[in-house]
Amino acid sequence: MLQLLFGLFFAQSVYLYSVKMKDAEDRSVIQTRQLTIGYSQRGNMNVLFENLNLQLRSGELTCFMGRNGIGKSTLIRTFLGVQKPLSGDVGYIEPPALGNRSPIHARQVAVVLTDRITAVNMNVYELVSFGRYPYLGWDAKLTSVDHAIVQRSIDHVQIQHLVTQKIYELSDGQLQMVMIARALAQDTPIILLDEPTAHLDLNNRLEIMNLLRKLAHTMHKAILVATHELDLALQTADVVWLAGNNRSILTGIPEDLVLNGAFDEVFQFKGFDLRTGKLHHEAHHSASIKLVGKSHAYLWTKNALERSGFSIADEGDAHAITIVVEGTQSKWVLDNDLHFDTISALLIHLKKHQPPQGN
Amino acid sequence: MAKDTMEMVAHKRWIVLPPLLVLLFVINLSLGSVEIPFGEIISILVGKPGSNPVWSDIVWDFRMTKALTCILAGSALSIGGLQMQTLFRNALAGPDVMGLSSGASLAVSLVFMSQAFGFGSFSTPQPWAVAGAASLGCSIVFLIIVVISQRLQDNTSLLIVGLMIGAATSSLVSVLQFLSKAEEQQSFLLWTFGSLGRLNWVEIRVLAVILLVGGLIGLFSTKSLNAWLLGNNYAESLGVNLSRARFLIIVSTCILTGGVTAFCGPIAFVGLAVPHLTRLLIRTNNHRVLIPSVIFAGGSLMLFCDTIAQLPGSTYVLPINAITAMIGAPVVIWIILRAKRVFI
């Protein structure tokens, strides 16, 4: 009996697992087929990407990375349907909603572009409601359903406090949130964003990326963000598309691309080791130091010591530094003898008593 | 909350415009070179036989036609100006930015000056001939613009082409003027001053139908005009067919401007100023509100300027073009100084 129950449970979980797998395969909203994009002017072909076979999946935040000018915006314009591919096709998977006069792409893809909004004499609510335009008639009259969707989009992005503000009163970060709400109001399975974090400060950049990831996961949107901000992408992306040097795009989860060296190849880092996430420091002091401590204080102390040219070893031959944490305060004890309140004081002492190699 | 209500009030400000139009309409009817008591005007308007039959003729056949022409011309030019400012995202664009008036001027100056070369079929050109020539001139420029607009993707290029066409036609007009006699020059000059009082009831009906067609096309473009506020790329991403929308907007503006220019001459300033004044009053970019508002505001401004132009109590009538800018420019400057900022 027990065995039977267990067997049933097992069968059930296998079934669930297979459903999940099937879902994962079916979540593609874009499946490009031998897509080649670029510009063709008077017979001159400027090919940016060649024979792309990419999958954009819903429920995932995909970061599209590459150096400036490699063709990120062009791929976005191609997905948006405003630029024709040179060959191949974009391959939207989801069937478009029926009974509408607007072109298909307006109900498939919403965008946040780098274009400046010059019509600043409107308020946030009006700007967000532009997202409903593919569904409106010639007179642009919003129905109660449209109003509900606009309100829902505003709620999702949590900009309720801004709705009556004029566009010219917004900060860059706020405007970007409003533009994301506008894209949500368009009610499309796909949202494309071109450098949404450019010109923003660190807090706003994090807020935008976290919001996008949340929207991808909770609303099952396929979100593609073109960005060149490596740090943000590594921490938030579910999938990275990496524009390579030979008109191709590498795809994978960020960690895999870090470990297999794809990032290094594309970005050609100078003195930065992506695997450790650190700049490479040349140790120029002969002595190594033993460092004892925990968590953040340990990491930052190590960082400071390495930056100053000391190497850290388990069995340091010159000094031993112990980090003592008391409440929120840290103290640094050198060779069980000298006490320092700041890393700065510690470094000054070490440099004075440990002249660099060659001196 | 206070801000919220302020915003609502600003959006609702358009309701002052229809009563303003009615008020100015009545004032315009009651003032003129002949003094008619206000009570008489009201009774003539409601259809009672007035105490003086001449007054009835004056009110119906002179003042009423002129006031209606004011409303038609003012609103048509204002819609045209609004459309051009939105399409080109340029505060300096007016209904005439495509060079339509220049085309009309060229055709009209040809009519006036053809006599100088001996192939004038009439000693003084008939009003219909002038209107016909003006429409023809507008239409030719319009066709050139439409053909070019299909070839150019970029609105700014189109704007520059429009200005160039205007400049080229104006220079042809200058050459013609240089070659013509003083009297012909004067009749042409009088035409360029613009005139709202020349139309009879038949002509008003024709003009009204023309402007209705142009206005309806403009109204039909409400959604694309709004989408254009976000720029070409966003508009296209929202499913707006850019080239078709642009074609309709240009057709609408050309019909509106061409119609007015054909019947009233090249009337300047109103089409440029009214959209700005309206946006400053109502503080919105939404063409659902703006289009009806500029219709009322344009009619009102035109009626106001015409009331001043006819110099109540005197027999002089000043050229309307001189008055629109003379009255309008200081008003616009004052409002901009108060608002500190102009929006498109």
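**Exercise 1.** How many of the nine residues of helix 2 (residues 72–80) of chain A are buried?

*Solution.* The model is predicted: local features need pLDDT of at least 70, side-chain atom pairs count only at pLDDT 80 or more, and totals for chains, interfaces and linings use all residues. Residues are numbered from 1 along each chain as its sequence is written, while chains are lettered from A and ligands numbered from 1 in the order in which they are written.

Step 1. Helices are DSSP runs (H or I, at least four residues) numbered from the N terminus. A residue is buried if 20 or more other C-beta atoms, placed from the backbone, lie within 10 Å of its own.

Step 2. K72(A), L75(A), I76(A), R77(A), T78(A), F79(A) and L80(A) are the buried residues of helix 2 of chain A.

Step 3. Seven of the nine are buried, so helix 2 of chain A is largely enclosed by the rest of the structure. G81(A), with a positive phi near 90 degrees, follows this helix.

**Exercise 2.** Classify the packing of helix 5 (residues 144–157) and helix 6 (residues 172–185) of chain A.

*Solution.* Step 1. The two axes (lines fitted to C-alpha atoms over the stretch in contact, with angles from 0 to 180 degrees between N-to-C directions) come within 8 Å and cross at roughly 135 degrees.

Step 2. Helix 5 of chain A is therefore oblique to helix 6 of chain A; angles under 35 degrees count as roughly parallel, over 145 as roughly antiparallel, 65 to 115 as roughly perpendicular and the rest as oblique.

Step 3. Residues are in contact if their C-beta atoms, placed from the backbone, lie within 7 Å. On helix 5 of chain A, the contact includes I149(A), V150(A) and I154(A); on helix 6 of chain A, it includes M177(A), I180(A) and L184(A).

Step 4. The contact of these helices divides into nine nonpolar, two polar and no charged residues. Ala, Val, Leu, Ile, Met, Phe, Trp, Tyr, Cys and Pro count as nonpolar, Asp, Glu, Lys and Arg as charged, and the others, Gly among them, as polar.

**Exercise 3.** Repeat the analysis for helix 4 (residues 53–88) and helix 13 (residues 270–282) of chain B.

*Solution.* Step 1. Their axes are 7 Å apart, at an angle of about 70 degrees. Helix 4 and helix 13 of chain B are therefore roughly perpendicular to each other.

Step 2. Among the residues that meet are G80(B) and L82(B) in helix 4 of chain B, and L272(B) and P275(B) in helix 13 of chain B. By class, this contact has six nonpolar, six polar and no charged residues.

Technical notes. Helices (H or I, at least four residues) and strands (E, at least two) are DSSP runs, numbered from the N terminus. Two residues are in contact if their C-beta atoms, placed from the backbone, lie within 7 Å. A residue is buried if 20 or more other C-beta atoms lie within 10 Å of its own, exposed if 12 or fewer, and partly exposed in between; C-beta atoms are placed from the backbone.
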